[in-house]
Amino acid sequence: MWLIDQLAERHIQAALNKGELSGLSGEGKPLQLDDDSQIPQELRTAYRLLKNSGYLPPELEARREALELADLLQHLDPDDHQAAEYHKQLRLLELKLHQAGLSTEFLYDRHYGDTIIRNLKGKTE
């Protein structure tokens, strides 16, 4: 067992002995653990600590930023001068994601229903 795992176990045991973990929500229910089977054993604790601290790998950070830009562009007037700049930023993030081997379909699939509705409204008007 790694040192950090041993320290964590000691803190958990001390909290259990003091009764600090009693009555918490989810007590007695199975844990919902992330699948970390693809992460080497010696890196799992570090990855878990980084994830719990809100750190994202660069690819996932770019994905999050792309989603935010896509949402922003959806609410901006297409003629707005800032929309063009945001659109450029989004295209750059898409390129970065493609270079990292990630798909950018998530940017378009979620707006599929909205696009259909817009197109149908345009044909009926």
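What share of the contacts between residues at least 6 apart in sequence join residues at least 24 apart? I looked this up first. The share is 48% in this protein. I note here that the model is predicted.

**Entry: overall make-up**

I listed the secondary structure next. The protein has 6 helices and 0 strands. Along the sequence I read the pattern α-α-α-α-α-α. Then I checked burial. Of the 125 residues, 14% are buried.

**Entry: the core**

Which residues make up the largest nonpolar core? I found 12 residues: Ala62, Ala66, Leu69, Ala70, Leu73, Leu76, Ala83, Leu90, Leu93, Leu97, Phe106 and Leu107. I then asked which helices supply them. Helix H3 (58-75), helix H4 (81-99) and helix H5 (106-109) each give at least two residues to this core. H3 provides the largest share, with 5 residues.

**Entry: H3 against H4**

How do H3 and H4 pack? I get an angle of about 150° between them, and their axes are 9 Å apart. H3 is therefore roughly antiparallel to H4, since the cut-off for that label is over 145 degrees. The crossing of the two helices is left-handed.

I wrote down both sides of the contact. From H3 come Glu59, Ala62, Arg63, Glu65, Ala66, Leu69, Ala70, Leu72 and Leu73. From H4 come Ala83, Tyr86, His87, Gln89, Leu90, Leu93 and Leu97. Sorted by class, the contact of H3 with H4 holds 11 nonpolar, 2 polar and 3 charged residues.

**Entry: Leu93**

Which residues does Leu93 touch, leaving aside neighbours within four places in sequence? I find Ala62, Glu65, Ala66 and Leu69. Leu93 is also among the H4 residues in the contact with H3.

I then took a distance to Glu61. Glu61 and Leu93 are 32 residues apart in sequence. Their C-alpha atoms are 10.0 Å apart in space. Glu61 has its place in helix H3. With 28% relative accessibility, Glu61 counts as partly exposed.

**Entry: Glu94**

Is Glu94 buried or exposed? I place Glu94 in helix H4. Its relative accessibility is 8%, so Glu94 counts as buried; the cut-off is under 20%. I looked up its partners too, leaving aside neighbours within four places in sequence. Glu94 is in contact with Thr104, Leu107 and Tyr108.

**Entry: His98**

My last stop was His98, which lies in helix H4. Its relative accessible area is 47%, so His98 is partly exposed.

Methods: Residues are numbered from 1 along each chain as its sequence is written. This is a predicted model: local features need pLDDT of at least 70, side-chain atom pairs count only at pLDDT 80 or more; totals for chains, interfaces and linings use all residues. Side-chain values use heavy atoms; hydrogens and water are left out. A nonpolar core is a set of buried Ala, Val, Leu, Ile, Met, Phe, Trp, Tyr and Cys residues joined through side-chain atoms within 4.5 Å. Buried means under 20% relative accessible area, exposed over 50%, partly exposed in between (1.4 Å probe, protein chains only). Helices (H or I, at least four residues) and strands (E, at least two) are DSSP runs, numbered from the N terminus. Contact means heavy atoms within 4.5 Å. Axes are lines fitted to C-alpha atoms, for helices over the stretch in contact, and angles run from 0 to 180 degrees between N-to-C directions. Angles under 35 degrees count as roughly parallel, over 145 as roughly antiparallel, 65 to 115 as roughly perpendicular and the rest as oblique. A crossing is left-handed if the near helix is turned anticlockwise from the far one by less than a right angle, and right-handed if clockwise. Ala, Val, Leu, Ile, Met, Phe, Trp, Tyr, Cys and Pro count as nonpolar, Asp, Glu, Lys and Arg as charged, and the others, Gly among them, as polar.
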